[in-house]
Structure formats: C-alpha cells, structure tokens
Amino acid sequence: MDSKIISSKELSKADPVFGQISFDNHEQIVFCNDKDTGLKAIIGIHNTVLGPAIGGTRMWNYENEWEALNDVLRLSRGMTFKSAISGLNLGGGKTVIIGDAKTQKTPELMRKFGEFVNSLGGKYITAEDVGMTTQDMDTVREVTPHVVGVSETKGGSGNPALNTAYGVFMGMKAAAKFKYGSDVLEGKSVVVQGVGNVGEALIKHLLKEGALVTVSDINQERLENVVNTYDVSFYEGDDVYSQEMDIYAPCALGATINDATINKIKAQIIAVSANNQLAEERHGLILQEKGIVYAPDFLINAGGLINVYAEIEPCDKQETIRRTENIYNTTLEILKRAEENGVTPNVAALKIANERIQKRKIEQLK
C-alpha cells in the first residue's frame, strides 16, 4: 500500500469535488469504470429542472483525471444554459471518456458506456461530441434508448455538425449587424480555428457569403485536406490570435480566450462554435472593454442541440431550420440588452437562461 503523503496543493486538485468552482451545484456526477473494455468515463448531470439532461459524449486523451472532471463539469453546466436559452425542454449534462478515440475506442467500449447511460433511467440523454461519430451513437443505441444523433437510416437526425455550423453562422451575422450595422460578411476576414465537421461546414457558409477565410488546426492532415478543397488561406504558426482579422471563430476546444491570449486578439467579433471559450467570466469583461463583440458560445452553437431535439420532440426539418435561424434574433437581442444594461453579452445571456429555469422551478412548486 502506498502511504505517500499528498501535499495540500495536490489535494486541492483531487478533492473536494463539491468545492470546485466548476461544480456549480451539479445534481449528479457518475464515474463509470469497466476493466474489460478499458472504459473510464465521467457523466455530469448539471440541472434537470427543464427536462432530462442532454449533452454529447467527448472522448479525449486528458492529461489526468482532474482535467477530465473539470471539463465535464464545465461542459454540462454550459448545456444547461444552452437548452434554456434555446427554449427547449431539456436540462444540461455531458460525458467525457478518458482515452484516445483513434486507438482505444471499440464497439465493446461504446456498448458498455451505453449500459451506464441506460442505468440512469432517462435522466441523461447522450449524443455525439469530439472524438465520436454518428456510428458510435448507433452502437450506444443498441443498449439504451437514451441517445440522440443516431443515423437517419435508424430513425435519427444524423450528424448535428451541419446544423451547429448554421447556427454559428446565424450568430456571426447577428454580431456583424450589431457591430457594423450590416450582417453582410462579404470581404470580412474570418479566422476559423479548428476544421473538424463544424469548422468545415462553417467555412462553406462563409465562402458562399464572400468572406475571406483563414484556417488553423493542429491536425496537419485535416488542415491540408481543407486547404486543398476550399478557397482558403491557412495559418502555420502558433500564435493565430495575433493575426489581423475581423472575426475570430474558434471551432476546436474551449478556453482559447484566456490570460495568455486575450490581449493578443485583434478581432472585432468573436463568434464561437466550441464550448466554454471564456476561461473565466472576467475575460468577457475584458473583451467588452476592448470593444470586441462576443457572441456567447452556448447561444450560437445551439444548432446541433436543436437538430437532435427533433428526436425527442418530433418536428419536421423546416421547424428545425426555423429554430436555428432564430439564433440570429436571439443573439441580436442579447447584444442590445447587454449594451443597454452595461453588462457583458455572456452575463446577459446567462440571466435570460437562469430566469427561464427559475420560472419553471416556481411552476413546479405550485
């Protein structure tokens, strides 16, 4: 038995869970472990006041378990507000699976994960996220009905990335309308950081509008494919934040707006696909002081959630598109409200989301 004494600094990273800022009154955290398949996953259920918690499954090779826990807590919290501000009868949840999706993900691992999801009896509904595919969701569906984003051939809504990108595009246009007085993006320089499914789909919308697109990605093969396919430029360095641009669109992982980057960013607008871009709330205030318009991530990247919601509350494709296009109106409303009340767009958006949750709480008590 290892009796090594843990320092207080190390202990603060491992314990307590409840005292961490990212915990934020989560209802439930489920640690999932299976020796045979190698599954190590954490399910975070933040809030179910509006309905069952929904949120995708992310498989990532985290440096340590603390990093994975912190990520799932931040992501599931964000899903609560994304559902609320989109007017959906859903709560917020998320899953992270610790491991390399390219080498460690197997059908057996996905089915075992599905069994853990099923054990929650519908309190949590999973979906696709980083490191996952629609086919993986099909595998999970073999053992639980509590999954969305399965193949259209199996009655699902398919890959939500296209709708996510469309919602981000709508939010970006609204931010441009607020900043420039026009939502036309023709001639605007846009840096898309991360060219996965969402990033690539966003590029198509931007090029169709006549924007000047520069792309960046740590995956060199993926980057080369996009550059060879579309009329875009690419950034090869490691300081994309310092580049001259009108609009910055992070479409990879979160917290790219942090102490190290925030004073480098030269964009006039930040329109976000990836979740949790503000490393801390105070970074939103710094952006505001710098005159940079920030379109909150959990608002404008809600298109994917709206897309899979059709599997829970059936509606036709046109209604899904209408709800996604309404991200434009909501974004413009929030930016105007933030300006009128002297708060950041993130604070204004969170206030609207929390008001809806509190209203439902009161209704449930009657």
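Visitor: In which sense do strand 7 and strand 8 pair, and over how many bridges?
Guide: Strand 7 and strand 8 (residues 233–234) pair in the parallel sense, over 2 bridges. Two strands pair if DSSP finds at least two bridges between them. Helices (H or I, at least four residues) and strands (E, at least two) are DSSP runs, numbered from the N terminus. This is a predicted model: local features need pLDDT of at least 70, side-chain atom pairs count only at pLDDT 80 or more, and totals for chains, interfaces and linings use all residues. Residues are numbered from 1 along each chain as its sequence is written, and side-chain values use heavy atoms, with hydrogens and water left out.

Visitor: Which residue in strand 8 is the bridge partner of valine 215?
Guide: Phenylalanine 234 is the partner there. The chain gets from strand 7 to strand 8 through helix 7 (residues 220–229), and this β-α-β crossover is right-handed. Right-handed means that, with the strands pointing away from the viewer, the path from the first strand over the helix to the second runs clockwise.

Visitor: What about strand 6 and strand 7, how many bridges there?
Guide: Strand 6 (residues 189–193) and strand 7 (residues 212–216) pair over 5 bridges, in the parallel sense. Valine 192 stands opposite valine 215 in strand 7. Strand 6, helix 6 (residues 197–209) and strand 7 also make a right-handed β-α-β unit.

Visitor: And what does valine 192 face in strand 9?
Guide: Alanine 249 stands opposite valine 192 there. Strand 6 and strand 9 (residues 247–250) are parallel partners over 4 bridges.

Visitor: In what order do the 6 strands of the open sheet run?
Guide: The order is 8-7-6-9-10-11, with parallel pairing. Strand 8 and strand 11 (293–295) stand at the edges with a single partner strand each, so one side of each has no neighbour in the sheet.

Visitor: New topic. Which residues touch the most other members of the largest nonpolar core?
Guide: Met172, Val192, Leu202, Ile203, Leu206 and Val215 do, out of 64 residues in that core. Helix 5 (residues 161–180) gives the most to this core, with 10 residues. A nonpolar core is a set of buried Ala, Val, Leu, Ile, Met, Phe, Trp, Tyr and Cys residues joined through side-chain atoms within 4.5 Å. Buried means under 20% relative accessible area, exposed over 50%, partly exposed in between (1.4 Å probe, protein chains only).

Visitor: What does valine 215 touch?
Guide: Its contacts include Val192, Ile203, Leu223 and Phe234, not counting residues up to four places away in sequence. Contact means heavy atoms within 4.5 Å.

Visitor: How many aromatic pairs are there?
Guide: The count is 2. Rings of Phe, Tyr and Trp (its six-membered ring) pair if their centres lie within 6.5 Å; planes under 30 degrees apart count as stacked, over 60 as edge-to-face and the rest as tilted. Phenylalanine 81 and phenylalanine 298 form a tilted pair, 6.1 Å centre to centre with 55° between the planes. They sit 217 residues apart, in helix 2 (residues 65–85) and helix 9 (residues 297–300).

Visitor: Are phenylalanine 81 and phenylalanine 298 buried or exposed?
Guide: Both phenylalanine 81 and phenylalanine 298 are buried. Tyrosine 241 and tyrosine 248 form an edge-to-face pair, 6.0 Å centre to centre and 80° between the planes.

Visitor: Last one. How many residues of helix 4 are buried?
Guide: In helix 4 (residues 134–141), 6 of the 8 residues are buried. Among them are Met137 and Val140. The cover includes helix 3 (107–118) and strand 5 (124–128).
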